[in-house]
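Work through the following exercises with the sequence and the structure at hand. Each task is followed by a solution in steps.

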Amino acid sequence: LLAARYAYYEALVPNTFGAKVFLGTETLPFGVGYLADFLRDGGAWIAALALGGVVVSVRGTARSASSAVCAAAVIVAQLAFITIVGGDAMPAYRFLIPVYPLLVVLAAAAIASLGVRIGVAGALVVTIAVAGVSAWQQQGGLERSNRRYWLAHERPGWTYLFGESVEGTWLGAHAASARYIREHMSPGD
């Protein structure tokens, strides 16, 4: 993907990255705030279990230790990226989505280590439950955050799924822009 993007656009990241991301010391507090919001909105459950999974795996076989260290390195790299760029203002903590499966796998390792009492199936059920509750708590989290002020509006984001009007919200301006463009374009444009 990176090679194709660079070959075609002569850029490694989409142009929206340059429009939305400002690198500098002023972004660090927003990145830390983004991660703090994630933890507050249920991410602490999955993060604590994932950390436990790293510890359990490192104490296990050499193969499980190397896998856990590799997964942890990828997670830490993504967390560093989030901190440096200042997080994101969109709902559902999408900057954490690339590493969420690794968090879940490490959490499963921690839960499975609780003993043979719950077994593999029990560990799987508990992990899915923890990940599900964590994700459910996170889905509207950024809309509640005062650091994500431009996302705040009078209705929760999920209400738009049921066809409610976006007029009078921050999405209303986007809809007006889209209508203007549609009305001023020719069929060949």
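**Exercise 1. Find the angle and the axis distance at which H3 and H4 pack, and classify the pair.**

Step 1. The axes of H3 and H4 are 12 Å apart, and the angle is about 175 degrees. Axes are lines fitted to C-alpha atoms, for helices over the stretch in contact, and angles run from 0 to 180 degrees between N-to-C directions.

Step 2. Angles under 35 degrees count as roughly parallel, over 145 as roughly antiparallel, 65 to 115 as roughly perpendicular and the rest as oblique. H3 and H4 are therefore roughly antiparallel.

Step 3. Contact means heavy atoms within 4.5 Å. On the H3 side the contact residues include Leu-28, Tyr-34 and Val-58, and on the H4 side they include Ser-64, Leu-79 and Thr-83.

Step 4. Sorted by class, the H3–H4 contact holds 13 nonpolar, four polar and no charged residues. Here Ala, Val, Leu, Ile, Met, Phe, Trp, Tyr, Cys and Pro count as nonpolar, Asp, Glu, Lys and Arg as charged, and the others, Gly among them, as polar.

A note on the source: this is a predicted model, in which local features need pLDDT of at least 70 and side-chain atom pairs count only at pLDDT 80 or more, while totals for chains, interfaces and linings use all residues. Residues are numbered from 1 along each chain as its sequence is written, and side-chain values use heavy atoms, with hydrogens and water left out.

**Exercise 2. Describe the aromatic pairs of Tyr-34 with Tyr-93 and with Phe-95.**

Step 1. A search of the whole structure gives five aromatic pairs. Rings of Phe, Tyr and Trp (its six-membered ring) pair if their centres lie within 6.5 Å; planes under 30 degrees apart count as stacked, over 60 as edge-to-face and the rest as tilted.

Step 2. The ring centres of Tyr-34 and Tyr-93 are 5.4 Å apart and the planes stand at 65 degrees, so this pair is edge-to-face. Tyr-34 lies in helix H3 and Tyr-93 in the loop between helix H4 (62–85) and helix H5 (100–112), so the pair ties together parts 59 residues apart in sequence.

Step 3. Tyr-34 and Phe-95 form a tilted pair, with 6.2 Å centre to centre and 55 degrees between the planes. Phe-95 is in the loop between H4 and H5, so its pair with Tyr-34 ties together parts that are 61 residues apart in sequence.

Step 4. Buried means under 20% relative accessible area, exposed over 50%, partly exposed in between (1.4 Å probe, protein chains only). Tyr-34 is buried at 0% relative accessibility, and Phe-95 is buried at 17%.

Step 5. Tyr-34, Phe-38, Phe-81, Tyr-93 and Phe-95 make up one aromatic cluster.

**Exercise 3. Locate Thr-27 and Glu-10, and decide for each: buried or exposed?**

Step 1. Thr-27 sits in the loop between helix H2 (15–20) and helix H3 (28–58). With a relative accessible area of 7%, Thr-27 is buried.

Step 2. Thr-27 and Thr-83 are 7.4 Å apart from C-alpha to C-alpha, although 56 residues separate them in sequence.

Step 3. Glu-10 belongs to the loop between helix H1 (2–9) and H2. Its relative accessible area is 65%, so Glu-10 is exposed.

Step 4. Most residues other than glycine have a negative phi. Glu-10, not a glycine, has a positive phi of about 60 degrees.

**Exercise 4. How many helices and strands does the chain have?**

Step 1. Helices (H or I, at least four residues) and strands (E, at least two) are DSSP runs, numbered from the N terminus. The chain has eight helices and zero strands.

Step 2. Of its 189 residues, 30% count as buried.
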